[in-house]
Amino acid sequence: MCFTQNFWNLVVSGLYDGFLYALIALGYTLVYGVLQLINFAHSEVFMSGGFASYFILHALVGTNQPTGLASVGYVALGVLGGGAGGAAIAFLLERVAYRPLRRRNAPRLAFLISAIGASYFLYNLAGKEFGRNALEIPTLFTNGPVFSVFGATVQTIYVVTAIAALIMLVIVDRVVAMTRLGKGIRAVAQDAETASLMGVPIDRVISQTFIIGGLLGGAAGFLFGLNAGVIFTMGFTPALKAFTAAVLGGIGNIRGAVLGGLLLGIVENLGVACTQASWRDVVAFGILVLVLLIRPTGLLGEQLGRAA
Amino acid sequence: MKRSIARIGAPVAVAALALTAMGGAGLASASTSHASQPTYTIAYEGPLSGGNAQLGLNMKFAVQLAVSQANAGTTFGKLAFKLKFLAADDGGSATQSPSTAQSLIGNKSVIAVVGPAFSGATKAAEPLFHAANLATVSPSATNPALATQGWSNFFRVVADDNAQGPGDATYAVKKLGAKKIYTVDDASSYAVGLVQAFDQKAQQLGATVTHQEAPGTTQCQAGTGNVQQYGALATQIQSSHDPVTFYAGYYCDFALLAKALRADGYSGQLLSDDGSLDPHYVSEAGTSVASGTVISCACTNLTKAKADTTFSSKFKKLAGFAVGTYSAEAYDASNTIIATLKKLGTASIKRSAVVKGLHSIVYTGLTKTVHFQKNGNIAGSTVYEYKVENGNIVELGPVNQLVG
């Protein structure tokens, strides 16, 4: 009974959450694909994108709310600015926190510690520099109900997020499947040593992989910040959930990350329909464990190269 | 061998000499100041770092101001003792607060404490303060259970949630005429007590209450929750069609919930408590979303009373920012302690004497006449309602007058 009440409403807002998870999850999955490494500082890539877009839009828009085409333009600018901020930090992270370790053939655990250290450093720095209260991205459009599907209200911000996310997800999918860069990524993911023997510049491919993940994560930071504001702690839970989504879909698998993200968003929302908001994580992680018990490699398996 | 001993020996001897010299000087200066005037330290314990630091700073500077004014003789005339101020940071957390309390107890010059600021931190630290018989006067810890533990050294200058929760419920049912109310708490020990008191009173007055717990988010550093939870929560509230939603918690999460509700098309009245009484609620939710929200507090508006304007301007000069929530209460708490010390006279005052003295003191402060009940609660309890209008938070008045 509780499940059917508000069913479509919860699915729609779950999809919105899911698109954000999917964008962030791709960063985890791509990096895992080429390095077999979980980039635990990805939450701060997400945060950096949020702050970058905040500063750009704050300077350009201020308190005047744009309308019509200008709104669309500013949203696009926010996505690009957030993406650029995220990409810059992701690139730096790879250079400073991972590449030196890779050169020295450090064990996997060292990468993990390095990632956690970088994450702590970045979010504390952001808290110190930008303050401990949420900063509001200027209003770019009036958020409210736009239309309804099966009686579920769809808000402006859902539409904006879904469109932006879909465009980016399709582009990334095509880039990895069809371009020379994508071929490099897939080659390194399958067998880094052989790829380098075949003339693939591994360092450059890894850098580019971080940049792609950073672009998506940073853009997600902007889309998230549009609703919730940007603050130094913003990355923690969304990134943890996105990591969950990546594992759910099959880590290292691009379409798996998208599927995992969308599913997790919907499942979380429907889970609380029958319980309370405080049970959200219990439901979500319970389902994750169940899925992994049945399919240890996630829903779509884990090979980046073959599935893409 | 000999040389090396000499080499080690010489610096040691010099250091020892220096130490004796310093020790001697220290003793001498201490004894001279003791002979003329004893010095007591009034400490403040609250969050000075972390996500809720602003609330803590609002109080810290008020205590500091009260101490410096008393020393200058502006508030109590010439005193027979000197006062010192000490700020102790407990991060507002229950885990940190016992060690903070222990350091204050260990400092023999501390005669009384203003604070702890938060209910959870107070609950954790008070057994230690009680064992040391060190008086604590909290400007802001409102959890009702704090007054029921038999801590004779515990005092607070604000009404507890047993006053605020029912005050809000009375306002919602009698003034707003709500028959159905949706209540949400952020799972903090403050909010849980508050929402229970609210629910009970609202049901007593004949309203139907639906309650849900949504843990404070990591984004707001207020718990383990996720910002995304508010989408689904807003859907559930919206589909309930309850005309009033009451949120027990702090401004950061309340702003997120308010935004989600309005975006979902919910048009009911939003109601919250003193944790949300902060201009950041308006800036984070946005003026159009926040507009019309009613927020309660057992504290009164500062800029209203005339006597407060000197306090406000002095505070701003010292702190560098304007008075905020609980600044005036902290100022009153400090002055209540100072008034007690003054009454105790010139002889060297013991911690236990301050506890005893506070039980009988009557002091007229900025916010109210401070007089404590036996359990440490303030006598009399007025709850005020505030409303967000044109981006500002304005006082509507005491609940009992509003309801009429």
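Searching the whole structure, a predicted model, turns up 27 aromatic pairs over all chains. Here, rings of Phe, Tyr and Trp (its six-membered ring) pair if their centres lie within 6.5 Å, and planes under 30 degrees apart count as stacked, over 60 as edge-to-face and the rest as tilted. One of these pairs joins Phe311(B) to Phe315(B): it is tilted, with 5.9 Å centre to centre and 55° between the planes. The two residues are four apart in helix H11 (residues 308-319) of chain B, which means about one helical turn separates them. (Helices are DSSP runs of H or I with at least four residues, numbered from the N terminus.) Both Phe311(B) and Phe315(B) are buried, where buried means under 20% relative accessible area, with a 1.4 Å probe and protein chains only.

Phe311(B) also pairs with Tyr331(B), again tilted, at 4.3 Å centre to centre and 40° between the planes. Since Tyr331(B) belongs to helix H12 (residues 327-344) of chain B and Phe311(B) to helix H11 of chain B, this pair ties together parts 20 residues apart in sequence. Phe311(B) has a relative accessible area of 3%, and Tyr331(B), at 8%, counts as buried too. Put together, Phe61(B), Phe311(B), Phe315(B), Phe321(B) and Tyr331(B) make up one aromatic cluster.

Now for the largest pocket, which holds about 900 Å³ of space. A pocket is an open set of points on a 1 Å grid over the protein atoms alone, where a 1.4 Å probe fits, with protein on both sides within 12 Å along at least five of seven lines; lining residues have an atom within 4 Å of a point. The volume is the space filled by probe spheres set on the points, which are joined across faces, edges and corners. Of the 28 lining residues, Ile137(A), Pro138(A), Thr139(A), Ala285(B) and Gly286(B) are closest to the centre.

Residues are numbered from 1 along each chain as its sequence is written, and chains are lettered from A and ligands numbered from 1 in written order. Local features need pLDDT of at least 70 and side-chain atom pairs 80 or more, while totals for chains, interfaces and linings use all residues, and side-chain values use heavy atoms, leaving out hydrogens and water.

Conventions. Buried < 20%, exposed > 50% of the residue type's maximum accessible area, 1.4 Å probe, protein only.
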